[in-house]
Amino acid sequence: MTNSTIIILITIVAYLAIMVIIGVVFSKKNSNVGDFYLGGRKLGPIVTAMSAEASDMSSWLLMGLPGVAYLTGGAEAGWTALGLAVGTYVNWLIVAKRLRIYTHRCNAITLPDFFANRYRDKKALMGITALIILIFFIPYTASGFSACGKLFSELFGWEYHTAMIVSAIIIIAYTCTGGFLAASFTDLIQSIIMTIALISIVIFGVFTAGGLGNVIDNAKEIPGYFSLMHIHDLGTGGSNKYSLLTIASLMAWGLGYFGMPHVLLRFMAIEDKNKIKTSRRIASVWVVISMAVAIFIGFIGNAITKAGSLEVLDGSNSEKIIIKIAQFMSEKNALLAIIAGLVFAGILACTMSTSDSQLLAASSSMSENIIKGVFGIKLTEKQSMLIARVVLMVIAILGVVLAWNSDSSVFRIVSFAWAGFGATFGPVMLTSLFWKRSNKYGAISGMIVGAVMVFLWKFVISKLGGVFAIYELLPAFIAALAVIIIVSLCTPAPEKEIVEEFESVSAEMKN
């Protein structure tokens, strides 16, 4: 093992140790299940903003997004990022405060709790919501474990499966002990590490590529690469034009935010609803800058490759571009090796900040909503906490099993899971918050149609090509929203109690 590798290893171990220590510290603050899953609604504006966005970005930010930009240029990555930036801002603008008020008023600590309490349906609606969370979060979590496995395998030569399991154990350790507060405060630290990683790679990468001009000139020389209206075709070496429909489907990534459980939980947990504006500004600025930098790193990596400093990467290996640049950096001197260690810690941060939140959301769905809510099993606080941690570990093990294939693409797995949550929960979330006439029949129908359409469009309809070859989130979201409206109007109106609660929330929003 070289000196630079030892320095990197020490940096990463120190980082991981800090994460586990935070978990132990915050374990003392969990007096009940509500604290474990929602932190007692005590998050400040900065922690809320950065933990929401850190849990949102995942390994997709430092691996998936630069990898796509590295291969095909700015179009797919750029329009996706723009859709996410708009979605982030609008979600904070219209959903955050109203959801915080509504969940507090109807005493909900999980997303299934909210839908069930909002529509007064403790069985079907709660069970379906919890089941959908489990279906889409397990592969989402698996993508994070896969990213960790690839990182350690590439960096230290460890066997992929061993590296993935070790990473999973670390994530489970601090999440099981500290719960939501540990996940949120580690997310704040991890967002800082991510930022350091992005800035470090850009500075070193531009210098290695021979300057900013060389990076831009290289991108311009590749057909369709430096364009938002064309995409570089790896097969022909030419470019293909982007249609407005394709652009719309990529921007539809932003619709996913309205149904993302691990982001919505942060809205529910903020201590002061009147400070959400501060959180919105912090979150929006960080997301825009971080995604723009991540895409630019893909451009930088391509330029460095063309210059001969790095090997050419193809397929899912393109997601290792930041790893390759950081490894090259670490070979220069001890100081750069430490910075490279922070970069690798940043990749871990992206993965861990999402995986911990996903594990908590999936765990709460099983223990709180299915075991206690649907089946009505009575548990003491101590039993609830024990089951919560056991379920969390079981879900993590399933994630490891699904991540066993080392050739899986982080970007594509996240893309599918994102569509699943966006289409199943997004339309229901918006109608439950803003449409008084919506009812439980519409909500249940919309969830089912959204989930089915994601699978149907992804694996059947999109194969037809042409106008059907678009991101599954857009058609599934539209179909689910239409079904909610139609079914709600064709079935009995909500009870007086539900309507009065809706109106009281609307009144509080005006204060």
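Me: What is the handedness of the crossing of α16 and α17?

Reply: The model is predicted, so to speak only on its own terms: local features need pLDDT of at least 70, side-chain atom pairs count only at pLDDT 80 or more, and totals for chains, interfaces and linings use all residues. Residues are numbered from 1 along each chain as its sequence is written, and side-chain values use heavy atoms, leaving out hydrogens and water. Helices are DSSP runs (H or I, at least four residues) numbered from the N terminus, and a crossing is right-handed if the near helix is turned clockwise from the far one by less than a right angle, left-handed if anticlockwise. On that convention, the crossing of α16 and α17 is right-handed.

Me: How are α16 and α17 oriented to each other?

Reply: The axes, lines fitted to C-alpha atoms over the stretch in contact with angles from 0 to 180 degrees between N-to-C directions, come within 8 Å for α16 (residues 440–459) and α17 (residues 473–490) and cross at roughly 155°. Because angles over 145 degrees count as roughly antiparallel, α16 and α17 are roughly antiparallel.

Me: Which helix supplies the largest share of the lining of the largest cavity?

Reply: A cavity is a set of points on a 1 Å grid over the protein atoms alone where a 1.4 Å probe fits but cannot get out, and lining residues have an atom within 4 Å of a point. The lining of the largest cavity includes D56, W253 and W418, and α3 (45–72) and α15 (410–434) each supply at least two of its residues. The largest share, three residues, comes from α3.

How values were computed: Parallel < 35°, antiparallel > 145°, perpendicular 65-115°, else oblique. 1 Å grid on protein atoms, 1.4 Å probe; cavity = no way out; pocket = protein on both sides within 12 Å on 5 of 7 lines; lining within 4 Å.
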